[in-house]
Amino acid sequence: MHVLVVEDDERVAGHVVKGLKGEGWLVDHVADGRKALFQVAAETYDVIVLDRMLPNVDGLKILQTMRASGDSTPVLILSALGDVDNRVKGLRAGGDDYLSKPFAISELVARVEALGRRKGAAVQETTELALADLHMNLLTRTVTRRGHPIDLTTREFALLEHLLRNAGRVVSRSMLLEAVWDYNFDPQTNIIDQHVSRLRAKIDKDFDPPLLQTVRGMGYSLRT
């Protein structure tokens, strides 16, 4: 699993990151609410461990922003505010689970694992992906825009699927290379740009508005 830990207390963050990495998971850490918003927009995570009280942007605001943008990544809220009213506020803001401080790292790991399984089951059940008038059927392996069939190669289909699963987010070239081609990023390769160019010609050339956007210096984003 790929987990993001958003926690400004260095001691707590170190404890959490160590415990999650001990399970063999890939873990990123940020200590600032504004940086967390940039991180969730740029990367795809299986679970986010989110502190309530953070510098610049608090945890509940981060949650509300995520959910408003359609980001359904499971979130475990960490907070010293453990009374019933605060737990309810956290869950109503979009949290999937709430763990009060202090906590046992074994319980946190178990809760993160459970949220990861829940997301995996939801992804597995998905058979159709869509953005605006662009539709992808994962069972029949077909793509249409405004009802018109679009013929894609196997690689183009995989590329579009990854972009649709991350619609609205910026997906870097290295992320696409790892997800679609399954090997590490070579800064000299232009294979991503070539495939994106061909994909854009198929899904955007004869349609309006264009959906596949280039975000200069960052990567690509499928958005309306």
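**Reading helix packing and strand pairing**

Tutor: Start with H6 and H7, which are oblique to each other. The model is predicted.

Student: How is such a helix pair described, and at what angle do H6 and H7 cross?

Tutor: Two packed helices are described by the angle between their axes and the distance between them. Here the axes of H6 (residues 154–165) and H7 (residues 173–181) come within 10 Å and cross at roughly 125°. That angle lies between 115 and 145 degrees, so the pair counts as oblique. The crossing is right-handed.

Student: Which residues make the contact?

Tutor: H6 supplies Arg155, Ala158, Leu159, His162 and Leu163. H7 supplies Met175, Leu176, Ala179, Val180 and Trp181. Eight of these residues are nonpolar, one is polar and one is charged.

Student: Now strands. Which residues of E6 lie on its covered face?

Tutor: In a regular strand the side chains alternate between the two faces of the sheet. In E6 (residues 128–131), Leu129 and Leu131 form the covered face. Glu128 and Ala130 form the uncovered one.

Student: What is the pairing sense of E6 and E7, parallel or antiparallel?

Tutor: Antiparallel, over four bridges. Leucine 129 has methionine 136 of E7 as its bridge partner. The two strands form a hairpin with two residues between them. In the turn, alanine 132 has a positive phi of about 55°.

Student: In what order do the strands of the open sheet run?

Tutor: The order of its five strands is E2-E1-E3-E4-E5, with parallel pairing. E2 and E5 stand at the edges with a single partner strand each, so one side of each has no neighbour in the sheet. The twist averages 20° from one strand to the next.

Methods: Residues numbered from 1 in each chain as written. Predicted model: local features only at pLDDT ≥ 70, side-chain atom pairs only at ≥ 80, totals over all residues. Heavy atoms only, no water. Buried < 20%, exposed > 50% of the residue type's maximum accessible area, 1.4 Å probe, protein only. Pairing = 2+ DSSP bridges. Axes fitted to C-alpha atoms, helices over the stretch in contact; angles between N-to-C directions. Parallel < 35°, antiparallel > 145°, perpendicular 65-115°, else oblique. Left-handed = near helix turned anticlockwise from the far one by under 90°. Contact = heavy atoms within 4.5 Å. Nonpolar A, V, L, I, M, F, W, Y, C, P; charged D, E, K, R; others polar.
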